[in-house]
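Thank you all for coming; I would like to take a few minutes to walk through one model with you. Please keep the sequence and the structure in view while I talk.

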Amino acid sequence: MIEAIKFVVKEHFDNYRQIIKMALINTEKQTVRSSLGLLWTYFHDIVYILVFIMFRLLISGYANVDGMNSIVYLLTGLIPWFFLSDALNQGSRAIIANKGIVQSIRFPVTILPTIEVLSIVFRRFFTFFILLLITTVFGYLQCFSILLFLYYFFALVCLMVTMNLLLSAFVAVSEDFHQLYQAIVRVMVYSLPIMWNFDKVDNVLIHVLLRVNPMVYIVKGFRDAFVQGMTQDVGYTVYFWVCIVVLFCLGSFTQYKLKKHYADFV
């Protein structure tokens, strides 16, 4: 395990310039495929936002949720989810999507998921300015905490990098796992506190099971940073960072064991 961790850390440290360069190249590709380029990303987001707002208002009306406007509650969870969804879908396919590189040359494969996550950071960072604008319109500007935002954004990137380090390995070697994983991601949005509040769950066991997912920490964290101006409890924060460490160790071990076999599988 220690050897695997050293191997992954070394590959990232030795190739950090290449990671940034390839992430920028991936981002640039989004601007040359169509005349609108990255604007299509935000156009899609706006369409999804309008649909979810309509869905929310039809079900719950204009009633406040957890002491805040229902639309603000929805968007402070939905916009971080756009980032999470992109990273979960594209980051997990980082290895099989670059099978030409994996098969043809000696390349540090473990950096591919990180490159994909970083390119999503470059493409989607502006989305959070849209969220800031929306919360400002609804009168929550004084609640925004830049320090909390930077902390939770860092936590988001760490979670996506470590998760995809592990998931990209499984997706690369098993198409069955890939199909199962895609199905889970499609419904995961409904298991997060985006459209509804976990505090309404009376069953303690179900409440705990829902919070096992570390992405809950991220969604609630951005809502805290933009609207509620507070941090989550220490115990849940410790749990989140323990999850990061465990995911990184498992991902490093899996990548290290499979690195010689990727060319055969992809």
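This is a predicted model: local features need pLDDT of at least 70, side-chain atom pairs count only at pLDDT 80 or more; totals for chains, interfaces and linings use all residues.

Residues are numbered from 1 along each chain as its sequence is written, and side-chain values use heavy atoms, with hydrogens and water left out.

The protein has 13 helices and zero strands, where helices (H or I, at least four residues) and strands (E, at least two) are DSSP runs numbered from the N terminus. Of its 266 residues, 50% are buried, and here buried means under 20% relative accessible area, exposed means over 50%, and partly exposed lies in between, with a 1.4 Å probe and protein chains only. Among the contacts with a separation of 6 or more, 79% join residues 24 or more positions apart, contact meaning heavy atoms within 4.5 Å.

Let me turn to helix α4, residues 70–92. Of its 23 residues, 21 are buried, so α4 is largely enclosed by the rest of the structure. At 1.5 Å a residue α4 should span 33 Å, and its end C-alpha atoms are 32 Å apart, which agrees; the expected span is 1.5 Å times one less than the number of residues.

What is the angle at which α4 and α8 pack? It is about 30 degrees, with the axes of α4 and α8, the latter covering residues 146–173, lying 8 Å apart. Axes are lines fitted to C-alpha atoms, for helices over the stretch in contact, and angles run from 0 to 180 degrees between N-to-C directions. The two helices are therefore roughly parallel to each other, given that angles under 35 degrees count as roughly parallel, over 145 as roughly antiparallel, 65 to 115 as roughly perpendicular and the rest as oblique. On the α4 side the residues in contact include Phe83, Leu84 and Leu88, and on the α8 side they include Phe153, Met160 and Leu167. By class, this contact of α4 with α8 has ten nonpolar, four polar and no charged residues, where Ala, Val, Leu, Ile, Met, Phe, Trp, Tyr, Cys and Pro count as nonpolar, Asp, Glu, Lys and Arg as charged, and the others, Gly among them, as polar.

Helix α8 also meets helix α11, residues 215–228, and there the axes come within 9 Å and cross at roughly 160 degrees. That makes α8 roughly antiparallel to α11. The contact draws on residues of α8 including Phe149, Tyr152 and Leu159, and on residues of α11 including Ile218, Phe222 and Asp224. Its residues divide into 15 nonpolar, one polar and one charged.

Now to the single residues. Gly251 lies in helix α12, residues 234–258, and is buried, with a relative accessible area of 0%. Not counting residues up to four places away in sequence, Gly251 touches Leu165 and Leu166. Gly251 and Val8 are 243 residues apart in sequence, yet 9.1 Å apart in space, C-alpha to C-alpha.

Asn15 is found in the loop between α1 and α2, and at 17% relative accessibility it counts as buried. Leaving aside neighbours within four places in sequence, Asn15 is in contact with Pro108 and Ile111. Val208, in helix α10, is partly exposed, with a relative accessible area of 46%.
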